[in-house]
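Have a look at the model first, then read on.

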Amino acid sequence: MAGHSKWANIQHRKGAQDKKRGKIFTKIIREIGTAARAGGPDPASNPRLRLAMDKARLQSMPKDNVERAIKRATGGEGADSFQEVRYEGYGPGGVAVMVKCLTDNRNRTVSDVRYAFSKYGGNLGADGSVGYLFNQVGLIAFAPGLDEERVLDAALEAGAEDVVTNSDGSIEVLTDPADFEKVRDALARTGFTPAEAEVTMRASTSTPLTGAQAQSMLDMLEALEDLDDVQDVYSNADIADEVLARA
C-alpha cells in the first residue's frame, strides 16, 4: 500500500524495543519462567522455552540470567506464578488489537490495559471480538534488497507456507508455527539472515491509519507495551511512513 512500509514498521518496533531493554529483559524472564514451568526445563523438548531463549539471545541477555530464570521456575526457589490472560479491543480508527499478558494480579492488569485503551481513543471488547482476525504464524522478515526468487526457492524448499514481497521490497516468509525453527535455520544456512524472526499473531486484514489517528495508535501501542504485565501486543494497524518517521 502506497505510503505504508512494512520495513519502516519493523525498524520502528526494533528501535522502540532498544530504548526499553531493561523492561524487555523482565518480560523475557517472565516468559522463560512460565514456559519452563509449563513444559519442563529442557529446551530440547520444550518448544515454547526454546523460543523464549531465542528472544533472550536476540536481546543479548546474559546466559546466567536465563539459567537462573529456569532454575527458579522449576526448582521451587520461591518461584512466582503468573497466569496467562488475553485482552481484545479496538484502537483509533477501529484497529483490531490483541494484548497477551502474564500476570499475578488480573484486576490490576485489566485496569491498566483498559486505561491505556481509553486514554488513546480505543476501547476493550469482549473475548473473541477481534481474535478471529488473527492467526498464529511463524514470521521471518528480511530487509529490502534481497533476490526474491532465491528467498522464495529456499523458503519453499525448507517448508514455508508462503512468501510475501511487500511494495517496499521487504520480504516476509510465513510458516506453520511448528515448522518455524526448521525454516528459519534452513534460511540462515543458505545465507539469508532475517531482520526479525518470531512466532507471532498475524492479522488477515489491515487497517491503514494516517495523521492524528496513526499517532494515537502508536502512542497506545507504546503505552500497552510499557506495562509490566503485557508480553505482546498485536494489531492490524498499517501506520503511514511519515508518522513513523516522526516517532
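A crossing counts as left-handed if the near helix is turned anticlockwise from the far one by less than a right angle, and as right-handed if clockwise. Helices here are DSSP runs (H or I, at least four residues), numbered from the N terminus. This is a predicted model, where local features need pLDDT of at least 70, side-chain atom pairs count only at pLDDT 80 or more, and totals for chains, interfaces and linings use all residues. Residues are numbered from 1 along each chain as its sequence is written, and side-chain values use heavy atoms, leaving out hydrogens and water.

**α2 against α4**
- The crossing of α2 and α4 is right-handed.
- Helix α2 covers residues 21-39 and helix α4 residues 63-74; they pack at about 45°, axes 8 Å apart (axes are fitted to C-alpha atoms over the stretch in contact, and angles run from 0 to 180 degrees between N-to-C directions).
- That makes α2 oblique to α4 (under 35 degrees is roughly parallel, over 145 roughly antiparallel, 65 to 115 roughly perpendicular, the rest oblique).
- From α2, the contact (heavy atoms within 4.5 Å) takes in I29, I32, G33, A36 and R37, while α4 brings V66, A69, I70, A73 and T74.

**α2 against α3**
- Helix α3 (residues 47-58) packs with α2 at about 160°, and their axes are 8 Å apart.
- That makes α2 roughly antiparallel to α3.
- This pair, α2 and α3, has a left-handed crossing.
- On the α2 side sit I28, E31, I32, T34, A35 and A36, meeting R48, L49, A52, K55 and A56 of α3.

Key
Helix = DSSP H or I, 4+ residues; strand = E, 2+ residues; numbered from the N terminus.
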